[in-house]
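Hi there,

I am passing a structure on to you, together with some notes on its salt bridges and on one helix pair. Please have it open while you read.

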Amino acid sequence: MRNVILTKEELAEAIEYFKKHDSFVFDVETVGDHRGVPTQNQVTWISMATHGAAIAIPMGHPNGNVLLSKATRKKNKETGKFDAIPAVWDAPPAQLRPSQVFEALQPLMFSERRKIGHNVVFDLVSVAKYYDNHVPTRPYGCSLVASWLLDENRLNGLKPLIVATYGHKYDNENVGKKVEIHPFSKAARYAILDAKYPWLLWNRAVPQLKSEGLSRVMSLELQVLETLLDMARTGAPLDMEALHQLDGDLTNELEDITSRVYQAAGRIFNVNSTKQKSEVLWGDQASGGQGLAPVNLTPGGRKKKRERAKPTIYDYSTDAEALKKFNGNPVVDALLDYQEVNKLLSTYVHGYLGVASEGNKPSIIFNGRIHPSFQQYGTVTGRFSCAKPNLQNVPAPNTELGTKVRGLFVAPQGYKLLVADYGQIELRVMAHYLGRGAWYEGFFAGTDAHTATASAVYGVSPEEVTKEQRNNSKTLAFATLYGAQAETVAKSMKSTVAEAEAFLDVHRRTMPEVYEFRDWLIARARKQEVPHIRTILGRKRRLPDLVHGTSWIREKAERQCLNSLIQGSAGDLNKMAVVRMGHLCRQNPDWLNLSLTVHDELVVHCREDKIEEGSKLLQQAMIGEGIQGVLSVPITADVKVCDRWSEAK
DNA sequence: CGCGATCGCGCC
DNA sequence: AAAGGGCGCGATCGCG
């Protein structure tokens, strides 16, 4: 069999070989402005691997192997910048067309054979476009998800993983990043290795997952993966009219604020530059600065100080917290306004719409929808991450501007958004593990958790708890989950450090179970050969630093220990809910679609005539039998019916 | 130009 | 020697 497939006959022969095996890896190389967006990209190579074979099928690679002229740069007389002139190669060999290739592959792609990839969601969604939006059928395998479960601390992609596992460094030139500028045989070699290594990795990982007791969580992740295939194609519709309106409004507003900044500062500077901001704020008045006395060092500045170097004005933070100390200074006030508006405009408006003037940054909205990529392997704790764009950090609707941005996300025509979130899921997970005490009993009694804390800590009945007492108790919950110390607690409570310390002491006395559990958890984790904890579904969080010789490193690992158990277990529950809702949506694809998930929240599209049924199903997915049973304390989920995402909460 | 580090900041 | 967990991303800046 040939490695590089150029004719129908060669392809037919290869397919016959692959048909003899019950699983195979496939990998796509993509081109186009949106090569990274699987619903939009164009596939120019598909490579495949199975027992004893690895092939690459080009479908429009533009280059041959003979270099006719080198890549260079040429100064553009108009802009004064350098334009990249790509290399020119001779003509490539005659290749099959995508339609021919995908038709021939159909019996493999839509068979019961396992389709494996390294980040297989991307490859599956990329090829679905060539099958009339039908995704190749299950079962699937993902060497990236498997590798991540086996070592969540290494989120570095395929290449470092291959170096670590096989000691083979391939693709020094980053061919996959821009396959179309490379010569034919180099692209072919790269494509083949990109299939071969995932094949090796997957087959190595499966028995390891079993022996490490990770099969259950792997099977959950494979179900998550199936749901992500639907979510990737559903995406999230935007109110385009409102988006353009917001673009105009914020652009105008920012212009006004910018001139306010300049006027107050008495000079024109780049407001986005932290360096220049430092000069304006901390520089002395003789040199045109405000002469303010900086307080907080940046992390880099602290490092410098540690290394006994003298910090300069550039080592002091210019973030909002630092600026707030100088409220009333006209430069500071204008800067704070600027930062708020600029953040939202650049990240959430220009980030989606693109900017023609700024290097032709393309829009990532397609047919009125945005298609974020949820990465099930994106965090060390087991939660999802989300990118391109990250819809897990869309401003919350607690400010006017936040409401406007979140309000851009709307239901499709004829649909409503069902937005459901778990109530205090992390504290409930914590209470589950504690099995006693104010939190545990509070959740059974239906008392608000922070009120229950306040009642215990202040020794009053729940009815007598004041707003301030409840707020302080909320801080205690965060302090527990994150491992915050007195300084941070003081900041949060707006009290002195001594008061915060006393408060923490009272907490330690009145809710000893919290601290006893933390100590027990850390001690047990430390005893393992590789120190680790397991989340509620058995996911591992490896914390080798729990036995580190340096105390601050060890203490950081100790904070991560409890936090990972809680955050990771809550993440497990969320992934279960995603899977359960995914199943229900697949049963009712013409009126129910899962769109987004944000850690403890699901956003679903539901056709207007099916709201009641949809809400019931969502409720069932999140807290029904089979998921409630995972925790010993009751869990709650609140379903809201909205036209805009901002209407929830 | 491309890349990575840094700062800063949005969310849960 | 540090001082609250987990993310992604825009902008700047220095480097090769």
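How many salt bridges does a search of the whole structure find? The search finds 25, where a salt bridge is a side-chain nitrogen of Lys or Arg within 4 Å of a carboxyl oxygen of Asp or Glu.

Before the details, a word on the basis: this is a predicted model, where local features need pLDDT of at least 70 and side-chain atom pairs count only at pLDDT 80 or more, while totals for chains, interfaces and linings use all residues. Residues are numbered from 1 along each chain as its sequence is written, chains are lettered from A and ligands numbered from 1 in the order in which they are written, and side-chain values use heavy atoms, leaving out hydrogens and water.

Let's begin with Glu152 and Arg542, whose side chains form a salt bridge at 2.4 Å, N to O. Glu152 sits in the loop between helix 4 (143–150) and helix 5 (158–166) and Arg542 in strand 17 (residues 540–542), so this pair ties together parts that are 390 residues apart in sequence. (Helices, H or I with at least four residues, and strands, E with at least two, are DSSP runs numbered from the N terminus.) Both Glu152 and Arg542 are buried, meaning under 20% relative accessible area; exposed is over 50% and partly exposed lies in between, with a 1.4 Å probe and protein chains only. The two also belong to a network of salt bridges that links Glu152, Glu212, Lys540, Arg541 and Arg542.

Next, look at Asp505 and Arg508, which meet in a salt bridge at 2.9 Å, N to O. Both lie in helix 19 (residues 497–510), three residues apart, or about one turn of the helix. Asp505 is partly exposed at 38% relative accessibility, and Arg508 is partly exposed at 40%.

Now for the helix pair. Helix 20 (residues 512–527) and helix 21 (residues 551–587) pack at about 105°, with their axes 10 Å apart; axes are lines fitted to C-alpha atoms over the stretch in contact, and angles run from 0 to 180 degrees between N-to-C directions. The two helices are therefore roughly perpendicular to each other, a label for angles of 65 to 115 degrees. Residues in the contact (heavy atoms within 4.5 Å) include Phe517 and Leu521 of helix 20 and Cys561 and Leu565 of helix 21.

Enjoy exploring!

Methods:
Parallel < 35°, antiparallel > 145°, perpendicular 65-115°, else oblique.
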